[in-house]
Amino acid sequence: MLKVREIIPKRNFVDKKGHYREYRFDLRKDFNGACGYCDDNDEFQDKSTFHIDHFAPKSKFPELELEYENLVYSCRFCNVAKSNKWISNDAEVSHNGVKGFIDPCDDNYDEHIYRDFKGAINAKSSIGVYLVKELNLGLIRHEYLWKARKLRAQKLKLEDILSRLPKNSKARVDVLEAIVGLVREYETYFSWACR
């Protein structure tokens with residue numbers, strides 16, 4: 001069982017702004033360039049398609065529209081899926097212990113969902129079941145994007161090792177073969193996109 005997020009996002013203090021969209025830069029930084037809900041990184045996507053989610057929906061709690069503590073850097077898939085869903089009439093009550101949402105900046109977020117070794121996001125509590133269903137965290141795209149990040153990290157490590165090895169050495173040949181194997185794995189995994 002792996003954590004869904006590699007780094008838990010943390011909102012820092014920022015000065016009040018006149019429109020919630022003006023927080024985009026600060027949110028992207030505080031959420032490490034990744035969706036607070038699914039951890040899909042904006043590295044492989046058009047950053048302009050990332051949304052700013054109002055954790056407690058602004059349609060129900062308009063007084064929170066500009067509250068930075070209520071904003072989440074979110075991929076469009078999670079934001080659209082979450083929409084204005086909320087289980088109570090109180091902005092402070094985000095769940096009832098069985099269903100509802102957990103603020104992605106809350107340390108307990110990862111207590112309810114996990115990532116398997118293929119990268120799929122699964123539930124490990126009743127709230128987790130709600131999160132996976134209501135945020136569409138079971139979409140295959142979350143698994144593919146996680147795998148792409150892992151493959152890129154492996155490739156960078158191999159390139160670093162390769163740069164330090166003498167030419168014509170056995171170790172260099174081994175690293176080159178590992179890179180070829182990694183590229184084959186990448187091509188196989190993403191063959192669905194090349195059809």
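Contact is taken to mean heavy atoms within 4.5 Å. Helices (H or I, at least four residues) and strands (E, at least two) are DSSP runs, numbered from the N terminus. The structure is a predicted model, in which local features need pLDDT of at least 70 and side-chain atom pairs count only at pLDDT 80 or more, while totals for chains, interfaces and linings use all residues. Residues are numbered from 1 along each chain as its sequence is written, and side-chain values use heavy atoms, with hydrogens and water left out.

Helix H3 (126-134) is described first. Its buried residues (buried: under 20% relative accessible area; exposed: over 50%; partly exposed: in between; 1.4 Å probe, protein chains only) are Ile127, Gly128, Tyr130, Leu131, Val132 and Glu134. The elements that cover these residues include H2, S3 and strand S4 (121-123).

Asparagine 136 has a positive phi of about 55° although it is not a glycine, and its relative accessible area of 38% makes it partly exposed. A positive phi of about 55° is also found at asparagine 32, again not a glycine. Asparagine 32 belongs to the loop between helix H1 (24-30) and strand S1 (51-54), and at 35% relative accessibility it counts as partly exposed.

Aromatic rings were examined next. Rings of Phe, Tyr and Trp (its six-membered ring) pair if their centres lie within 6.5 Å; planes under 30 degrees apart count as stacked, over 60 as edge-to-face and the rest as tilted. Five aromatic pairs are found in a search of the whole structure. One of the pairs joins phenylalanine 55 and tryptophan 86 edge-to-face, at 5.2 Å centre to centre and with 90° between the planes. Distant parts of the chain are linked by this pair: phenylalanine 55 is in the loop between S1 and strand S2 (71-74), tryptophan 86 is in the loop between H2 and S3, and the two are 31 residues apart. Both phenylalanine 55 and tryptophan 86 are buried. Another pair consists of phenylalanine 101 and tyrosine 130, whose ring centres are 5.3 Å apart and whose planes stand at 70°, so this pair is edge-to-face as well. Because phenylalanine 101 lies in the loop between H2 and S3 and tyrosine 130 in helix H3, the pair ties together parts that are 29 residues apart in sequence. Phenylalanine 101 is buried at a relative accessible area of 0%, and tyrosine 130 counts as buried at 16%. Phe55, Phe61 and Trp86 form one aromatic cluster.

Lysine 82 lies over the face of phenylalanine 101, at 5.3 Å from the ring centre; a charge sits over a ring if NZ of Lys or CZ of Arg is within 6 Å of the ring centre and within 35 degrees of the ring normal.

Aspartate 103 is placed in the loop between helix H2 (76-82) and strand S3 (113-115). With 17% relative accessibility, aspartate 103 counts as buried. Its side chain reaches the backbone nitrogen of cysteine 105 at 2.9 Å. Not counting residues up to four places away in sequence, aspartate 103 touches Arg11, Phe55, Glu69 and Tyr109.

Technical notes: Polar contact = N/O pair within 3.5 Å; in protein donor to acceptor, adjacent residues only side chain to side chain.
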